[in-house]
Amino acid sequence: MPKLWNETIEAHRREVRDAILDSTAALAAENGPLSVTMSQIAERVGIGRATLYKYFPDVEAILHAWHAREVAGHLAQLAEVRDRTEGAGARLDAVLGAYALITHESHGHHDTDLGAFLHRDSGSHLAHAHRHLHHMVQELLAEAAQAGDVRDDIPPAELTHYCLNALTAARTLPSKAAVRRLVTLTLTGVRPPQH
């Protein structure tokens with residue numbers, strides 16, 4: 001087959017897969033994850049059930065694939081923020097701020113039946129994402145410590161746990177302004193002590 005033909009087919013498959021993921025997540029949010037059927041998904045996407053089964057074996061697999069895509073998108077967003085920001089301290093500030101906002105904006109997801117369903121058996125994709133996030137923040141903290149922007153009397157690994165655990169509170173805050181204050185408070189805790 002010509003290269004262009006293969007690219008067109010692959011693009012179509014990605015579009016169908018994305019439509020399946022988005023439709024399933026919407027149905028699960030509307031009706032609860034346990035009430036979604038493969039027939040409902042196929043109807044909403046506008047494909048036959050046989051086609052749907054070529055992509056996924058069941059609703060649970062679709063929801064986990066959707067969640068993995070969402071998590072990967074968040075990590076990519078954080079990497080983009082890191083890569084476009086100059087200066088070690090500024091990079092740390094920007095990434096922790098972006099992480100706190102992501103956490104805040106996804107708070108509704110955690111408080112739903114869908115959130116409970118996805119997090120009861122989070123699987124390896126979530127563990128991998130947490131490791132990736134920890135590694136990214138730890139590197140940023142180490143760089144900022146070398147630049148004198150972050151305290152160096154506590155290992156970066158410990159500071160990483162402090163920052164990420166503190167910022168989980170963003171999930172329950174009422175506004176973006178409150179999230180920004182939490183980020184400022186968290187960053188104050190990692191700044192070099194004043195003598």
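This is a predicted model: local features need pLDDT of at least 70, side-chain atom pairs count only at pLDDT 80 or more; totals for chains, interfaces and linings use all residues.

Student: How many helices and strands does the protein chain have?

Tutor: Helices (H or I, at least four residues) and strands (E, at least two) are DSSP runs, numbered from the N terminus. Here the protein chain has ten helices and zero strands, and along the sequence that reads α-α-α-α-α-α-α-α-α-α.

Student: What share of the residues is buried?

Tutor: Buried means under 20% relative accessible area, exposed over 50%, and partly exposed in between (1.4 Å probe, protein chains only). Of the 195 residues in the protein chain, 37% are buried. The surface can be given as an area too, using the Shrake-Rupley method with a 1.4 Å probe; for residues, only the protein chains shown count as cover. The chain exposes about 11000 Å², and carbon and sulfur atoms supply 54% of that.

Student: And what do the contacts say about sequence separation?

Tutor: Contact means heavy atoms within 4.5 Å. Among contacts in the protein chain with a separation of 6 or more, 65% join residues 24 or more positions apart.

Student: Let's do helix pairs. At what angle do α4 and α5 pack?

Tutor: Axes are lines fitted to C-alpha atoms, for helices over the stretch in contact, and angles run from 0 to 180 degrees between N-to-C directions. Angles under 35 degrees count as roughly parallel, over 145 as roughly antiparallel, 65 to 115 as roughly perpendicular, and the rest as oblique. Helix α4 (residues 59-83) and helix α5 (residues 88-105) pack at about 155°, with their axes 9 Å apart. Therefore α4 is roughly antiparallel to α5. On the α4 side, the contact includes His 74, Leu 78 and Val 81; on the α5 side, Ala 94, Ala 98 and Ile 102 are among the residues involved.

Student: Is the crossing of α4 and α5 left-handed or right-handed?

Tutor: A crossing is left-handed if the near helix is turned anticlockwise from the far one by less than a right angle, and right-handed if clockwise. The crossing of α4 and α5 is right-handed.

Student: How do α5 and α10 cross?

Tutor: The axes of α5 and helix α10 (residues 176-190) come within 10 Å and cross at roughly 140°, so α5 is oblique to α10. This crossing is right-handed. Leu 92, Leu 96 and Gly 97 are among the α5 residues that take part, and those in α10 include Val 179, Val 183 and Leu 187.

Student: What about α9 and α10?

Tutor: Their axes come within 10 Å and cross at roughly 165°, so α9 is roughly antiparallel to α10. That crossing is right-handed. Tyr 162 and Cys 163 are among the α9 residues at the contact, while Leu 182 and Thr 186 are among those in α10.

Student: Now single residues. Where is Thr 160, and what does it touch?

Tutor: Thr 160 sits in helix α9 (residues 156-167) and counts as buried because its relative accessibility is 1%. Not counting residues up to four places away in sequence, Thr 160 touches His 134, Val 137, Gln 138 and Leu 141. A polar atom of the Thr 160 side chain lies 3.5 Å from the backbone nitrogen of Gln 138.

Student: Is Thr 85 buried or exposed?

Tutor: Thr 85, in the loop between α4 and α5, is buried, with a relative accessible area of 17%. Leaving aside neighbours within four places in sequence, Thr 85 is in contact with Ala 90, Arg 91 and Ala 94.

Conventions
Residues are numbered from 1 along each chain as its sequence is written. Side-chain values use heavy atoms; hydrogens and water are left out. A polar contact is a pair of N or O atoms within 3.5 Å; within protein, one must be able to donate a hydrogen and the other to accept it, and residues adjacent in sequence count only if both atoms are side-chain atoms.
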